[in-house]
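Subject: Structure to look over

Hi,

Here is the structure I promised to send.

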Amino acid sequence: DVIVGFNAGSDINDFVRINMVGNDAMIQVDSYGDGTNYYDVALIKNHSGINPSNLNVEELFNKGNIDVS
């Protein structure tokens, strides 16, 4: 599992963050949600048809685009 310990009372922002790198967005995950060990898991390039600066972790999670199961 990439994310461990996420439950109904957890804040998705403790486990996933988006770090802007120039015009691109690096999706990073902290497996335990303690904010100490984020790992790069995906890079969304500006030319992919998605404006990375408009990405929001909570919105992506609520729409089902981030799966923590």
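**What turned up**

Arg 17 lies over the face of Tyr 38, 3.8 Å from the ring centre. For that I count a charge as sitting over a ring if NZ of Lys or CZ of Arg is within 6 Å of the ring centre and within 35 degrees of the ring normal.

Before the rest, some housekeeping. This is a predicted model, where local features need pLDDT of at least 70 and side-chain atom pairs count only at pLDDT 80 or more, while totals for chains, interfaces and linings use all residues. Residues are numbered from 1 along each chain as its sequence is written, and side-chain values use heavy atoms, with hydrogens and water left out.

**The hairpin**

Strand E1 (residues 16–21) pairs with strand E2 (residues 24–30) in the antiparallel sense, over 6 bridges. Strands and helices here are DSSP runs numbered from the N terminus (helices are H or I with at least four residues, strands are E with at least two), and two strands pair if DSSP finds at least two bridges between them. Val 16 stands opposite Val 29 in E2. The two strands make a hairpin with 2 residues between them, and Gly 22 in the turn has a positive phi of about 65°.

**Aromatic rings**

How many aromatic pairs does a search of the whole structure find? It finds 2. The cut-off is ring centres within 6.5 Å, for Phe, Tyr and Trp (its six-membered ring); planes under 30 degrees apart are stacked, over 60 edge-to-face, and the rest tilted.

Phe 6 and Phe 15 are edge-to-face, at 5.3 Å centre to centre with 75° between the planes. Phe 6 also forms an edge-to-face pair with Phe 61, at 5.5 Å and 70°. Taken together, ring pairs link Phe 6, Phe 15 and Phe 61 into a cluster.

On accessibility, I use buried for under 20% relative accessible area, exposed for over 50%, and partly exposed in between (1.4 Å probe, protein chains only). Phe 15 counts as buried because its relative accessibility is 5%, whereas Phe 61, at 25%, is partly exposed.

**Salt bridges**

There are 2 salt bridges in the structure, meaning a side-chain nitrogen of Lys or Arg within 4 Å of a carboxyl oxygen of Asp or Glu.

- Asp 24 bridges to Lys 45, with the closest N and O atoms 3.1 Å apart. This pair links distant parts of the chain, from strand E2 to the loop between strand E3 (38–44) and H1, 21 residues apart. Asp 24 is buried at 14%, while Lys 45 is partly exposed at 32%.
- Glu 59 bridges to Lys 63, with the closest N and O atoms 3.1 Å apart. Glu 59 is partly exposed at 40%, and Lys 63 is exposed at 59%.

Asp 11 is in the segment before E1 and, at 34% relative accessibility, counts as partly exposed. The C-alpha atoms of Asp 11 and Pro 52 are separated by 21 Å, and these residues are 41 apart along the chain. Elsewhere, Tyr 39 is found in strand E3.

Cheers
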